[in-house]
Amino acid sequence: MMTMRRLAAVALLSALVIGPVSGCGSGTASDLASSVSSAAASLGSSAASAAASAASSALGSIKGSIDATGDVKAGSPSTASDGRTTAELTVSNPTSDQHTYTVSVSFKNKDGSLLDVAVVTVSRVPAHGTARATARSSHNLSGATSAEVTAAVRH
């Protein structure tokens, strides 16, 4: 019975992420991703993995986007005053036009297990310039963590 519940939850999370994110505004994508990662955290690591996969698929469906994972670097995670884990992102735009970036960041424990996923939108990154943003976990993470840019698109 628990397996069926988990499968239903994963299907719901996937539908929530993949459906509304494509073609929506940046605030909505970030809010939705935060809700999905919170739900995934409460369901366990398999649901967190499914949510990460769904977020990656959703990024790929943003119209007019180009894979820009190499343009984004994540700094070392730290714990904010509210207990959430954060990682500073540096986005480098190598093009001659201003762009918006949507970035998926995975927070993992020391064993490499997925703990949380954050989706961050960085607007108006200047041509041949850089911008900074912060990826923030949706819940408190315990122990040593790492932050990895798992997907990024430029649009």
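A nonpolar core is a set of buried Ala, Val, Leu, Ile, Met, Phe, Trp, Tyr and Cys residues joined through side-chain atoms within 4.5 Å. The views below are taken from a predicted model.

**View 1. The largest nonpolar core has 20 residues.** Within this core, the residues with the most contacts are Val72, Leu89, Tyr101, Val103, Phe107 and Val122. Two or more core residues come from each of these elements: strand S4 (84–92), strand S5 (99–109), strand S6 (114–125), S7 and strand S8 (145–154). Another core lies apart from this one and is made of six residues, including Ala55, Ile62, Val119 and Ala151.

**View 2. Val72 and the residues it touches.** Leaving aside residues up to four places away in sequence, Val72 is in contact with Leu89, Thr90, Val91, Tyr101, Val103, Val149 and Ala152.

**View 3. An open sheet is formed by four strands.** The order of the strands is S1-S8-S5-S6, and their pairing is antiparallel. S1 and S6 are the edge strands, each of them pairing on one side only. In general, the strands of a sheet pair through backbone hydrogen bonds.

**View 4. The hairpin of S5 and S6 has four residues between its strands.** The two strands run antiparallel and are joined by nine bridges. Ser104 is placed opposite Val119 in S6. In this hairpin, Gly112 has a positive phi near 90°. S6 is mostly covered, with nine of its twelve residues buried.

**View 5. A salt bridge joins the side chains of Asp71 and Arg154.** The N to O distance in this pair is 2.7 Å. Asp71 sits in the loop between strand S1 (66–67) and strand S2 (72–74), while Arg154 belongs to strand S8; the two are 83 residues apart and link distant parts of the chain. Both Asp71 and Arg154 are buried.

View 6. Because Glu148 lies in strand S8 and Lys108 in strand S5, the pair ties together parts that are 40 residues apart in sequence. The relative accessible area of Glu148 is 35%, which makes this residue partly exposed. Lys108 is at 21% relative accessibility and counts as partly exposed, since the cut-off for buried is under 20%.

**View 7. Ser138 lies in strand S7 (residues 130–140).** Is Ser138 buried or exposed? Its relative accessible area is 10%, so Ser138 is buried. The side chain of Ser138 makes a polar contact of 3.2 Å with the side chain of His139.

Note on methods
Residues numbered from 1 in each chain as written. Predicted model: local features only at pLDDT ≥ 70, side-chain atom pairs only at ≥ 80, totals over all residues. Heavy atoms only, no water. Buried < 20%, exposed > 50% of the residue type's maximum accessible area, 1.4 Å probe, protein only. Polar contact = N/O pair within 3.5 Å; in protein donor to acceptor, adjacent residues only side chain to side chain. Contact = heavy atoms within 4.5 Å. Salt bridge = Lys/Arg side-chain N within 4 Å of Asp/Glu carboxyl O. Pairing = 2+ DSSP bridges.
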